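Hello,

Here is the structure we talked about passing on. Please open it and read the notes below alongside it.

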Amino acid sequence: MELHKNQTLQIYNTLSGEKDTFTPIHEGNIGMYVCGPTVYSNVHLGNVRTFMSFDVIFRYLLHLGYKVRYVRNITDAGHLTDDGDVDNDRFVKQSRLEKLEPMEIVQKYTVDFHKVLDAFNFLPPTIEPTATGHILEQIELTQKLVDTGFAYESNGSVYFDVFAYNQKGMNYGELSNRNIEELFANTRDLDGQSEKKNPQDFALWKNASPAHIMRWNSPWGEGFPGWHLECTAMSTKYLGETFDIHGGGMDLKFPHHECEVAQGKACNGHSPVNFWMHTNMLTMNGLRMSKSTGNYILPMELVTGENTFFEKPFQPNIVRFCFLQAHYRSVLDISNDAMLASEKGYSRLMESYKLIPMLKASSTSTLDITAWKQSCYDAMNDDFNTPILIAQLFEGARYINLVNDGKESLTAEDIQLLETTISSFLFDVLGISNEASGNSNTTEKLSGVVEMLIGMRNEARANKNFALSDQIRDQLLALGIQLKDGKEGTSFTF
């Protein structure tokens with residue numbers, strides 16, 4: 001179904017600072033790259049919000065009929081918080097803290113990342129490359145930048161020369177609207193002790209000290225890649241020198257994405273991406289989420305209820321529904337009241353949806369379902385406006401209730417159109433799990449499986465294997481199945 005030919009999609013482009021009409025480079029095909037997690041710790045809710053936004057974008061592009069190659073990387077090496085200090089390598093710091101090998105840290109938190117995204121019903125990307133799997137490509141790009149005069153070697157490290165880049169007629173700072181010339185004027189004289197020519201220069205390759213665990217051979221000696229280069233290496237390998245969409249959180253706009261623009265232009269002579277997209281931040285109770293302040297919660301703690309901020313557990317569907325009621329470019333604030341309101345709204349929408357099979361068809365329709373359907377598309381075509389789409393889905397729910405109450409009428413064809421439209425946008429595009437799709441036989445089988453797991457959990461508790469007991473409870477809860485322990489045993493609700 002070639003829906004994309006009659007739908008005009010507008011996307012806010014960070015590079016232009018306005019909504020631009022989206023036209024793919026190759027008709028019918030889209031290349032999209034999203035900066036993935038740095039797997040040195042548990043994925044946090046802000047990450048989930050960003051990845052959920054791009055999951056919905058991915059889903060909608062598929063819904064429109066495009067073939068989408070969605071690349072989302074795993075950063076498992078080289079993420080420095082400071083180019084000048086290799087001791088700030090996050091993987092090395094965490095491996096020392098947990099007394100594990102760096103790749104054990106990578107594996108542990110990559111598994112956690114996938115488990116969390118699975119719980120919230122994310123589609124997997126088409127390709128999920130890792131930084132360590134593309135060391136050769138990063139070395140080759142670094143060598144190319146050195147050969148063309150955009151980078152220089154210093155004490156076994158290689159840095160991108162921002163001043164040389166600007167001298168050659170390009171503009172480092174164009175994505176984030178920063179005046180780099182002013183920064184040069186204000187800081188150049190303060191950097192006499194650094195191995196970099198200018199403070200704005202960034203690492204492409206870092207020399208590894210004798211104590212540094214993660215290291216690879218290179219033309220400049222043993223070392224490891226800088227953070228920014230991996231995305232240029234992987235995006236160009238799988239999507240080409242110029243591709244359609246590059247996304248990430250707004251915190252990556254500078255310097256990470258700015259560096260990607262510069263690397264792409266320096267290597268290939270043209271802009272690497274047509275549309276840059278950035279999601280806004282997530283706050284909790286009106287405050288920035290931070291471990292240091294204690295205003296912090298992990299995604300699964302919101303689902304299990306094991307936290308001090310929320311009065312009860314909230315199923316992944318409720319969390320997803322709450323998140324998507326804010327536009328991806330707006331700040332999303334979560335609170336106990338916001339989650340309760342989302343739960344109430346979600347339940348109301350689902351109850352209306354379940355009424356559709358019971359609606360009686362009439363010979364004529366008094367509601368314009370075709371126009372309402374287009375309003376759903378209009379919402380998503382306007383920079384993926386999920387809050388407006390959800391408002392339109394509630395309007396569809398209102399139609400269902402009016403017909404059910406005999407106040408309006410719909411033909412059988414319009415009832416079917418109403419059902420398929422709500423189903424497509426709610427389940428396929430927004431990614432809500434369809435809890436109403438199962439039949440009684442499926443429910444009966446599921447109940448049997450849950451009873452079996454309860455028996456395994458009871459046995460684990462009797463053997464004082466509380467880790468396994470908690471794991472069974474938490475994983476069932478992540479699937480929307482809540483266990484309740486009482487005097488007469490353990491019961492469950494879907």
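**Aromatic rings in the model**

A search of the whole structure finds 20 aromatic pairs. Rings of Phe, Tyr and Trp (its six-membered ring) pair if their centres lie within 6.5 Å; planes under 30 degrees apart count as stacked, over 60 as edge-to-face and the rest as tilted.

Start with Phe160 and Phe202. This pair is stacked, at 4.8 Å centre to centre and 10° between the planes. Phe160 lies in strand S6 (residues 157–160) and Phe202 in strand S7 (residues 202–207), so the pair ties together parts 42 residues apart in sequence. Helices (H or I, at least four residues) and strands (E, at least two) are DSSP runs, numbered from the N terminus.

Phe160 is buried, at 0% relative accessibility. Phe202 is buried too, at 3%. Buried means under 20% relative accessible area, exposed over 50%, partly exposed in between (1.4 Å probe, protein chains only).

Next, Tyr377 and Phe425 pair edge-to-face, at 4.9 Å centre to centre and 80° between the planes. Both are buried.

Ring pairs also link Phe150, Phe160, Tyr165, Tyr172, Phe202 and Phe254 into a cluster. Arg178 lies over the face of Phe254, 3.7 Å from the ring centre. A charge sits over a ring if NZ of Lys or CZ of Arg is within 6 Å of the ring centre and within 35 degrees of the ring normal.

**How to read this**

This is a predicted model: local features need pLDDT of at least 70, side-chain atom pairs count only at pLDDT 80 or more, and totals for chains, interfaces and linings use all residues. Residues are numbered from 1 along each chain as its sequence is written, and side-chain values use heavy atoms, leaving out hydrogens and water.

Best wishes
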